[in-house]
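Take a moment to look over the model before reading on.

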Amino acid sequence: MCKTTKQSIKTAKLNKQLMFEIGRGQRDISSKAIDFMFHVINSVDKDGKIHVDLDEVRRDLMVQNKTLNRIIAELKLNQLVVEVDGFLYSKFHVLSNGKKEDQGYIKNLKVFSDPYLRSLGKSQKRFFLYVASYTQPDVPKTVSVEALHSNKYYSGLNYIKDYQQLANYLFDFVQKGYFVVYINGVRYDETSKDFHSTFHKLCGYNEKTGKKRMFKKRDHKIGICLNPKLTSAEQVVQNNASQQEFLQLAEKYYIYHHLLRPETIPFFINIKNELFEQFGETGLDLYRHSLESYFSTEEENVLYHDLYSNEKETKAPNYMKDFHLLKEVQNIIVEAFSSSCFKKGIVEVGTYKFTSEQFNQLIKYFIEKASDNHKIILDAELESYGITLEEALKPIEDKKTNSNCALVLQQHILQTYNRFEFEPGMLSEEEQKSVVRDWAYKGILMREAEIRANIEHLKQEIVFLIPNSKPSFTIKQTPQNKIGKELKSEGEPYIPESVLRREKKLREKGFLQDLKDVECDY
């Protein structure tokens, strides 16, 4: 049996090597451009797409439009941001699951949005970035003081002009609680009283004359790292790109997402993560196309789908997956099998591009996730092109593996046909198959009509309200005894218990009101 595997979820984080290069002065990036990267990193998606409202970014960074445009132009020039189809994509991030053995990223910390840090000039900000990328969280690293400023003997941070400027930067960061410095094994932080004098004494600096002697073969070592209070788990900001993407798409189609259960959006994001794990960036394209198709088709119905819920699941993401995502997967498989889409290990269908291995995985995904309805329609669509599954697999290089998956799929389809018992002799085998296919095209095998009827019934029974606000329309009262009753004998749809539980919770929170005659302000 074909099975899929799950990996740890990866999200975008700052590229540690890139930040180190900026911190060392090897990349000349402006202070405002650094602020921009710090500000949007939590909205960078797995493929680099930045899900932000640029006007909100402008307000948050307190810059004018022309300044923001200049920042973006600078980042594009340095190949740290690219623009594709009107969207900005990051090139300053890496994907990481945050495991300790992965040393290629910097945690997304709250301190990166700190007003004081944002107020610093270019040199001081780069010095902060140097320490943040040079060391590991909570672990001091040895560095020569002479390597931290410009001088004739050492290749240091040349943007820090001399020892005095370095000392001022260092004292400021330690005093304000950003850095911890170790001198001869003694720890100095914002609570230390004698750090200034101890540091100057170590480095041979005369505070009265303002002079410091330099020696070609002698340097002064200190340990340095970010203050651990800035890098604790509570100070790490989670990447919210997927949630931002969901909310932006919902607003695009006028869906008032604030009424969705808090648990609902993570269900959608789980689908996205699974698709990315199996199909990479093509999986993201598949998710985005399906989610947008769902929103554009259903609009406010999404809120009513969310009423069909329990503690473990909600109908909204299931509806998107059943009627949009899997339908798109079904179309991809049919299109791939019915045309010459297999070229040198690559399968291209429309804007989707899969490796042979990924396409094989797509078949597995379909087998595991698709309903009987999808599989019957897939079989019918392939037959309409005069193709069987065995014939369709001939162009694929990995024939053995794919044939096994196709055999499983074929068995699923055959079992579906055999589930239905017809009166002996009434219909031929082909006629029976035709009937089952007709049911599939009408959505009967997925109870599509029943779901839609129940949604329409809910629209007649309840109305969404914002707490402490007035409704903007008048709605006639409906019989209260219809909610939760078995109404099939009256020709009415059945309202599941999950809807009743959800209705009760929403009503208690003030989000729902029984439909009744209400005097309304227009």
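**How do you know?**

Q: Where is the place of Asn184?
A: Asn184 sits in the loop between β7 (179–183) and β8 (186–188). A strand here is a DSSP run of E with at least two residues, a helix is a run of H or I with at least four, and both are numbered from the N terminus.

Q: What kind of model is this, and how are its residues numbered?
A: It is a predicted model, in which local features need pLDDT of at least 70 and side-chain atom pairs count only at pLDDT 80 or more, while totals for chains, interfaces and linings use all residues. Residues are numbered from 1 along each chain as its sequence is written, and side-chain values use heavy atoms, with hydrogens and water left out.

Q: Why is Asn184 called exposed?
A: Asn184 has a relative accessible area of 71%. Exposed means over 50%, buried means under 20% and partly exposed lies in between, with a 1.4 Å probe and protein chains only. So Asn184 counts as exposed. Asn184 also has a positive phi of about 50°, although it is not a glycine.

Q: How do you know whether Asp85 is buried or exposed?
A: Its relative accessibility is 72%, so Asp85 counts as exposed. Asp85 lies in the loop between β2 (81–84) and β3 (87–90). Here too the phi is positive, about 55°, in a residue that is not a glycine.

Q: What makes Leu166 buried?
A: Leu166 has 0% relative accessibility, and therefore it counts as buried. Leu166 is placed in helix α7 (residues 163–175). Leaving aside neighbours within four places in sequence, Leu166 is in contact (heavy atoms within 4.5 Å) with Phe127, Val145, Leu148, His149 and Ile160. Of these, Leu148 is 18 residues away in sequence and 7.1 Å away in space, C-alpha to C-alpha.

Q: Which contact joins the side chains of Glu146 and Ser144?
A: The two side chains are joined by a polar contact of 3.2 Å. A polar contact is a pair of N or O atoms within 3.5 Å; within protein, one must be able to donate a hydrogen and the other to accept it, and residues adjacent in sequence count only if both atoms are side-chain atoms. Glu146 is in the loop between β6 (141–144) and α7. At 1% relative accessibility, Glu146 counts as buried.

Q: Why is α1 called oblique to α6?
A: Helix α1 (residues 16–24) packs against helix α6 (residues 122–134) at an angle of about 140°, with the axes 7 Å apart. That makes α1 oblique to α6. Axes are lines fitted to C-alpha atoms, for helices over the stretch in contact, and angles run from 0 to 180 degrees between N-to-C directions. Angles under 35 degrees count as roughly parallel, over 145 as roughly antiparallel, 65 to 115 as roughly perpendicular and the rest as oblique.

Q: Which residues make the contact of α1 and α6?
A: α1 brings Lys16, Met19, Phe20, Ile22, Gly23 and Arg24, while α6 brings Arg126, Leu129, Tyr130, Ser133 and Tyr134. They divide into 6 nonpolar, 2 polar and 3 charged. Ala, Val, Leu, Ile, Met, Phe, Trp, Tyr, Cys and Pro count as nonpolar, Asp, Glu, Lys and Arg as charged, and the others, Gly among them, as polar.

Q: What makes α2 and α3 oblique to each other?
A: The axes of helix α2 (residues 31–40) and α3 cross at roughly 120° and come within 11 Å. α2 and α3 are therefore oblique to each other. Lys32, Asp35, Phe36, His39 and Val40 of α2 make the contact with Leu54, Val57, Asp60 and Leu61 of α3. By class, these residues are 5 nonpolar, 1 polar and 3 charged.

Q: Why are α3 and α4 called roughly perpendicular?
A: The axes of α3 and helix α4 (residues 65–77) cross at roughly 105° and come within 10 Å. α3 and α4 are therefore roughly perpendicular to each other. In α3, Leu54, Asp55, Val57 and Arg58 meet Asn65, Leu68 and Ile72 in α4. This contact has 4 nonpolar, 1 polar and 2 charged residues.

Q: What is found at the start of helix α3?
A: At the start of helix α3 (residues 54–61), a side-chain oxygen of Asp53 comes within 2.9 Å of the backbone nitrogen of Asp55. After α3 comes Met62, with a positive phi near 55°.

Q: How many helices and strands are in the protein chain?
A: The protein chain has 19 helices and 16 strands. Of its 522 residues, 49% are buried.
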